[in-house]
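I am opening my notebook to look up a few things in this structure. Come along and check each entry with me.

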Amino acid sequence: MRLLCLSICCLLLAACASAPHPPTSRRHQAAERESAARLEELIAAEKELSQQQLGAVPSCERVCPFVENIRRLSNMICELAQRHSDDEILAANCRDAELRATRARKRAPSSCSCAR
Amino acid sequence: MTRRGLVIALALAGCAARSPAPGAWIATAAEASRAADEALASGQIDLARERLRRLVESPSSRLVAANDRRVILQDAYFRLAEVELGAHAPARAQAWAESGLALGVQRDLFTANLYIARGGARAALDDARGAAEDYRAALDINEALLADATEVP
């Protein structure tokens, strides 16, 4: 009896060891597919975000002409104030224009030469 | 102050491509603009003035889009004002600039250029506050255009 039980256990263990475990393999493959899908989603999202960020940064070519125009207009206003140094209104215009020129420069992306 | 030549060329090309019917006036305007450039480059101020004057006085087709007509004429008025400023005739420069502004004030460089030209004329006529006012108007426009250019989509 004991021998019979031992034989059955051995057979069962052997059967278990040699079995291909199909449910576990399928789970593994499914998990791999899911991971791959998630990775693809992440790559696509990152690509989209990069494109959005690229689009969000205005080009120096687009921005700098306006920054330069504002700087020159500020200088023109301040030249008037210098020529009429007793005119408080012109002096106030000059101060305002200088502030606006500084603000314009700060609006340009830091990589642009007009931002410095 | 602006890449005027390029802008007007693009405006003219855009107009010509979009509306073939009023093409004759636009072609005449382009030719007058080019001839004025050549005259200015060779120092023929009177000829340049004449070409530009003919352009602003030429009757435009009713089919030309109003805004296209405005920018073409405002550029010509601006250049006329510049010619007069160069010729030390600020009163005439101011008059040309005002004719250009009378076509309509928009938030673009054509209008800004006219304010700058009128400001230069006023400064030459010892109207410093008037000049500053015009320069500030041009600055307002450039500031608004800069805000558009830096706007995150």
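**Notebook entries**

I looked up burial in chain A: 21% of its 116 residues count as buried (20 or more other C-beta atoms, placed from the backbone, within 10 Å of the residue's own).

I noted that this is a predicted model, where local features need pLDDT of at least 70, side-chain atom pairs count only at pLDDT 80 or more, and totals for chains, interfaces and linings use all residues. Residues are numbered from 1 along each chain as its sequence is written, while chains are lettered from A and ligands numbered from 1 in the order in which they are written.

Next I looked up the secondary structure of chain A and found four helices and zero strands (DSSP runs, numbered from the N terminus: H or I of at least four residues for helices, E of at least two for strands).

Then I turned to where the chains meet. I found 24 residues of chain A in contact with 18 residues of chain B (C-beta atoms, placed from the backbone, within 7 Å). Helix 7 (residues 128-150) of chain B gives the most to chain B's side, with 14 residues.

Last, I looked at a helix pair in chain B. The axes of helix 2 (residues 23-41) and helix 3 (residues 45-57) of chain B come within 8 Å and cross at roughly 165° (axes are lines fitted to C-alpha atoms over the stretch in contact, and angles run from 0 to 180 degrees between N-to-C directions). So helix 2 of chain B is roughly antiparallel to helix 3 of chain B (an angle over 145 degrees). Among the residues making this contact I listed Ala29(B) and Leu47(B).

Note on methods:
A residue is buried if 20 or more other C-beta atoms lie within 10 Å of its own, exposed if 12 or fewer, and partly exposed in between; C-beta atoms are placed from the backbone. Two residues are in contact if their C-beta atoms, placed from the backbone, lie within 7 Å. Angles under 35 degrees count as roughly parallel, over 145 as roughly antiparallel, 65 to 115 as roughly perpendicular and the rest as oblique.
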